[in-house]
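Hello,

Here is the structure for you to look over. My notes on its salt bridges follow below.

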Amino acid sequence: MDTFLMKPKIDFAFKEIMADEAARTGFLSAMLHLKPEEIRETHILNSNLRKAHENDKLGILDVRVSLNDDTEIDTEIQLSEMKVWADRSLFYVSKMFTEQIEKGQDYGVLKKCVNISILDFILFEKETEFYSCFHIMEDTRHFLYTDKMEFHILELPKLPKPLDTSGSDIELWARFINAERKEEFDMLATQNPYIEKAYEKLQVISQDKEKRMEYEAREKAVRDYNQSILEAEQRGEARGEARGEARGEARGEARGEARGKALGEARGRELEAIAIARNLLSIGADIDMVATATNLPRSRVESLLKELGQPSGNKGSHPSET
């Protein structure tokens, strides 16, 4: 028997699972901290891949659901790193919110809009918890400005290890979405009846040949996209290193030339000073006066005096005395 199982975090599989009403109810009740019986009805408004540009190779899954006819929920899965995710999700929730009202209507028609982001990358580097929830609140007294916008973030790489079977329903759902092995699915299905329904749906779609072809095409697209991004980053790093080395060598050569030039100029000034000192000493100039005039150390002037055949102890005579 074929034991192949799709990975729920591949968005095609997640979309198919969310088509099951029981699985959808269980997932939303966990994420929104509701009791399942509080969810009277859910309707899928759309389920497609949203692309920022027409020629995008990889869109982002967008499953939009109406809950009890008074809340709209947009669930998105993103498998590739996107650091601007917060801005992006805010943009689409705001768009979802403003699209509810038409000219001539009052603001009372506006429904609560919720975003659920399932991310296979780390968005908040400094935070350790895998689940975060955001509202629009007053900064110091922490009361709601409005409850009409809400954001839930699941960062799958932050899931704690090992599994705590006494964990929250949110953790169980996050682990189900992140699971890849049959043993994981079997165990999670025993922990939550709605996850059990989701697992049953997963098993059915995994054995459907057409759906499996769609799934594998989507998985390949995700894998190829991630690989292309990785290779682009590696090429960028290689070019950066090459440019850095070239600039370093150029700077080194320039510094070497500058240092050589400075040393040459200094040596030239020293030889000129020595020549002047010899001339002054040969006409009987005082050692101290020569040292001051040429900026040479007194010991160097004394050695020059010896070279001229005069004792170093002799200060010489000032030209004006001769």
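The side chains of D69 and K111 form a salt bridge, with N and O 3.4 Å apart (a salt bridge being a side-chain nitrogen of Lys or Arg within 4 Å of a carboxyl oxygen of Asp or Glu). This pair joins distant parts of the chain, 42 residues apart. D69 sits in the loop between β2 (60-67) and β3 (71-78), and K111 in the loop between α3 (85-98) and β4 (112-119). Helices (H or I, at least four residues) and strands (E, at least two) are DSSP runs, numbered from the N terminus. D69 is partly exposed at 49% relative accessibility, and K111 is partly exposed at 24%. Buried means under 20% relative accessible area, exposed over 50%, and partly exposed in between (1.4 Å probe, protein chains only).

Please note that this is a predicted model, where local features need pLDDT of at least 70, side-chain atom pairs count only at pLDDT 80 or more, and totals for chains, interfaces and linings use all residues. Residues are numbered from 1 along each chain as its sequence is written, and side-chain values use heavy atoms, leaving out hydrogens and water.

Next, D11 and R218. Their side chains meet in a salt bridge at 2.7 Å, N to O. D11 lies in helix α1 (residues 11-18) and R218 in helix α7 (residues 209-282), 207 residues apart. D11 is buried at 3% relative accessible area. R218 is buried too, at 11%.

K112 bridges to E150, with the closest N and O atoms 2.9 Å apart. K112 is in strand β4, E150 in strand β6 (residues 144-155). E150 is buried, at 7% relative accessibility.

K9, D120 and E180 are linked in a salt-bridge network. The count comes to 21 salt bridges.

Best wishes
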